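This report describes a ligand site, a set of paired strands and a group of aromatic contacts. The sequence and model are shown first.

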Amino acid sequence: MTSFQPAEPGTIDGARAPWWRSAVVYEVYLRSFADGDGDGVGDLAGLRSRLDHLADLGVDAVWITPWYPSPMADGGYDVSDYRDIDPRYGTLADADALLAAAHDRGLRVVVDLVANHTSVEHPWFRAALAAGPGSPERARYFFRDGRDGGESPPNDWISAFGGRAWTRVTEPDGRPGQWYLHLFAPQQPDLDWENPQVQADFDDILRFWFDRGVDGVRVDAAPAMAKEAGLPDAGHGPGAVFDSARWVGNPHWDVDGVHEVLRRWRRLADAHGDRLIVTESVVNGPERLARYVRPDEAHTTFNFDYLHAPWDGPTLRAVVDATLATLEPHGAPATWVFSSHDETRHVTRFGRAETGVALMGTGSTGEPTDLALGLRRARAAVLLTLALPGGVYLYQGEELGLPEVEDLPEEVLQDPTWERSGRTVRGRDGCRVPLPWSGTRPPFGFGPDGSVPWLPQPATWAALTAEAQRADPGSTLSLYRSALHLRRRRAELHEAPLTWVDDLAGRPGVLAFDRGPAFRCLVNLSAEPLPLAGHGRVLLASGPGDGALAPDTAVWLDRG
Ligand code: GLC
């Protein structure tokens, strides 16, 4: 276990509040972050070699997407061993070295915990297949006989990646047999969380990583981890889409038993000290979401209502208000996020006519995209996000202003969504293209010269490398860095409540709020410039302005 040295004792990591209440967590999509060994896939050595970028950027923690051994049917979210590192990424010794190196730089490390499902190659699932119907091995998962004499799936549940959520197996004697449940890809069978053996095994897995020094876990697909008894039909008609943000009373999503699992893990996390549990919970509205952060459950949860919101002042304000109002009674801080490895990058979204997001990235919509407009808005968005009360999640590459890569050739697409949708939905690969670090040609420092990244990088990214942006004070990287460092220094951004500035209420396209008496954030989402006189001294602006805040620009002001 390694010990943690906070970046700036006495500020966010000081005695005032637990670190996670206002931490900025940077999502590392491991296979696309940095490639240390030149095989085209990001790895732990690569990540370690780039930790200074993250420390310099000014984030407080990294969340690393699954690093476990995996056949990669879903980019590592199909785990075949929860206590090891995939050889493509490194070894357990590399993980220990990474934890130590991150902690030395004041960075905490959160790892992904994929507990709703395993890989079909996990020994538990192999044993279940071999043991046959009625066995304790099968009872770890949801194996059921089919309907219509076994020919039809046991119920009408659907998979997040398209199609039905059941696959029929061939029994050890060679005959077509039972069906197993997978709310995601067929290579990701769901575990039955009512099973005490499943519960006990994951207690051990959590202890294993906490003892090694990880500072928290991000609970993947948390609302999936309980199913209604008897597995009744959900009433999904033909062509139903997996749209969990709209579901109410669904038998396979956001079922109450989920909260028992979280309570169990919270006790375990508390027993290890200052550890974080953050859930990924795409559920129907803030009331349902707030249930995940009751005082004895997760510490925080991702805020998908914010991520899904369009670039529209009244909508964003309503989401902020509803989020704060519903989480506050539980004493839980909000989190704010605009991009992830599952969504179309927001530079691209914000440059389209339809600026909201469809879950699980639809790839190219064929709509014209104004990337200059998208980038201007994304730069404004980061000042908005970093000024809101609570924690923030940044997705790798957003600090470089990377757009979605919408024209990946079909033959390189790897997201299961592509095949599962009958090659109609391209899926999430466009936000997962390996990062450009330096140089003028691919692999742009992602790996050693001559290596070939697992997804091709656009030639135009030469202008967007971290190296190219570092020296440019007007770059997106410089803006993120300045904002993060300012945020760290301004105590009110960690403590003070948000107060809307009501004398601007007549301008619904303007978001104006204070954090304490001396800090103001203004975001202009309207088409008209906003005069800045009387608002205070400009600390940081997302774009140029001359006494006025241009459309799609944000500013932080000091009023002291
Ligand atoms: C979460 C992950 C996503 C993955 C899915 C299944 O939504 O963020 O990438 O495909 O869970 O594990």
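## Ligand site

Which residue has an N or O atom in its side chain 3.0 Å from an oxygen atom of the ligand? That residue is Arg-428. The model is a predicted one, in which local features need pLDDT of at least 70 and side-chain atom pairs count only at pLDDT 80 or more, while totals for chains, interfaces and linings use all residues. Residues are numbered from 1 along each chain as its sequence is written, and side-chain values use heavy atoms, with hydrogens and water left out.

Of the ligand's own accessible area of 310 Å², the protein covers 98% (Shrake-Rupley method, 1.4 Å probe). The surrounding shell has 14 residues, each with a heavy atom within 4 Å of the ligand; Asp-74, Asp-220, Glu-280, His-341 and Asp-342 are the closest. By class, seven of the shell residues are charged (Asp, Glu, Lys and Arg), four are nonpolar (Ala, Val, Leu, Ile, Met, Phe, Trp, Tyr, Cys and Pro) and three are polar (the others, Gly among them).

Strand E6 spans residues 176-181, and five of its six residues are buried (under 20% relative accessible area, 1.4 Å probe, protein chains only). Strands are DSSP runs of at least two residues, helices of at least four, numbered from the N terminus. Two strands pair if DSSP finds at least two bridges between them.

E6 runs antiparallel to E4 (residues 143-144), to which two bridges join it; here Arg-144 is opposite Trp-179. Four bridges connect E6 with E5 (residues 166-170), again antiparallel, and Thr-167 faces Tyr-180 across this pairing. Five residues separate E5 and E6 in their hairpin, and Gly-174 in the turn has a positive phi of about 95 degrees.

## Aromatic contacts

The structure contains 30 aromatic pairs, defined by ring centres within 6.5 Å, with planes under 30 degrees apart counted as stacked, over 60 as edge-to-face and the rest as tilted; the six-membered ring is used for Trp. Phe-125 and Tyr-180 are edge-to-face, 5.0 Å centre to centre with 70 degrees between the planes. This pair links helix H4 (residues 123-131) to strand E6 across 55 residues, and both partners are buried.

Trp-193 and Phe-202 have ring centres 5.2 Å apart and planes at 45 degrees, so their pair is tilted. Trp-193 counts as buried at 5% relative accessibility, as does Phe-202 at 0%.

How values were computed: Polar contact = N/O pair within 3.5 Å; in protein donor to acceptor, adjacent residues only side chain to side chain. Buried < 20%, exposed > 50% of the residue type's maximum accessible area, 1.4 Å probe, protein only.
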